[in-house]
Every structure is written in C-alpha cells, then in structure tokens.
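Please keep the sequence and the model in view while reading.

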Amino acid sequence: QFAQKMSGVVLVGAFTVDGQPADKPPARERYTISKVTKLAGDAWQFETRVQYGKTDVAVPMVIDVLWAGDTPVITLTDLTIPNLGTFSSRVVIHGDRYAGTWQHGKVGGHLFGQLEKLKPEDAVRDAEKKESTKKE
C-alpha cells in the first residue's frame, strides 16, 4: 500500500531554516516521486526529483521507512545524495500531508506540505530531467 500511495506523487510544500527571522516566509520545495519499491528490511527505493531554491536534480535514493503504528516515517540518517550533500531527516506521511525535520551539516529546519498525484505533463518533464541528469 505504501509503494502504491507514494508512487506517482509530488510533495508540494515549504521548508524553514532554523534561526531565520520569524517574518521571513518559508521557502518553497517540491519532491516528485515517480516510483517507490520495497527492498529488504526497512529499505525502499525512491525514484525522485528534488526541487528547492535553485536545486533541481533527479536522483534515485534508498531510504529507510519506519512505522509509528500505521504511520510511515521516511528516515534519512547521514544519507549522501549525489549533487546535494549529506542529509538527515524524519518525515511523517499522514493522509495527504507530510511534515518533518531536516538537517544538512549545521543547517536544519522543518518541512511540511501536501501530497498531490503526479500529472501526466509532470511525468514527461521528470523523465526528461532524469535523462539530462544522467548526461551531466
């Protein structure tokens, strides 16, 4: 069920950075997940496209998913993501929303948003991005 729910979705939301002025609005983020596949144990393969700020990269990731009862928690612990760096994060998926925390070196914050089904035109654009990332 988790693979089906998380395949073909876009996490559309925002993130904060700890220590920024309270009047600064959260930055926009977008994580496109074209496919999720169960591997061994807690490991899952996520085929993703990460977009925030000036960053836009397609990258497959093996990520642990732990469970709080029936609630999935996407769990990254010092995961090095090519072209992005090393991150730790805990993201709870509940219904059609997500929320969590992130850490990248000494910088961290919160993230939150909605899960939206991937539109056909987004799938084409993400496939094109994946091909251009392979060539780089």
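## The hairpin of β6 and β7

His94 has Arg97 in β7 as its bridge partner. Strand β7 covers residues 97–104, and seven bridges join this strand to β6 in an antiparallel arrangement. The two strands form a hairpin with two residues between them, and Gly95 in that turn has a positive phi of about 60 degrees. Strands count as paired if DSSP finds at least two bridges between them.

The model is predicted: local features need pLDDT of at least 70 and side-chain atom pairs count only at pLDDT 80 or more, whereas totals for chains, interfaces and linings use all residues. Residues are numbered from 1 along each chain as its sequence is written, and side-chain values use heavy atoms, with hydrogens and water left out.

## The hairpin of β5 and β6

Strand β6 (residues 85–94) is also joined by seven bridges to β5 (residues 71–81), again antiparallel. Within this pairing, Thr80 is partnered by Thr86 in β6. Three residues lie between β5 and β6 in their hairpin, where Asn83 in the turn has a positive phi of about 70 degrees.

## The whole chain

The protein chain contains two helices and eight strands, in the order α-β-β-β-β-β-β-β-β-α from the N terminus. These elements are DSSP runs numbered from the N terminus: helices are H or I of at least four residues, strands E of at least two.

Of the 136 residues, 40% count as buried, that is, under 20% relative accessible area with a 1.4 Å probe, protein chains only.

Key: Buried means under 20% relative accessible area, exposed over 50%, partly exposed in between (1.4 Å probe, protein chains only).
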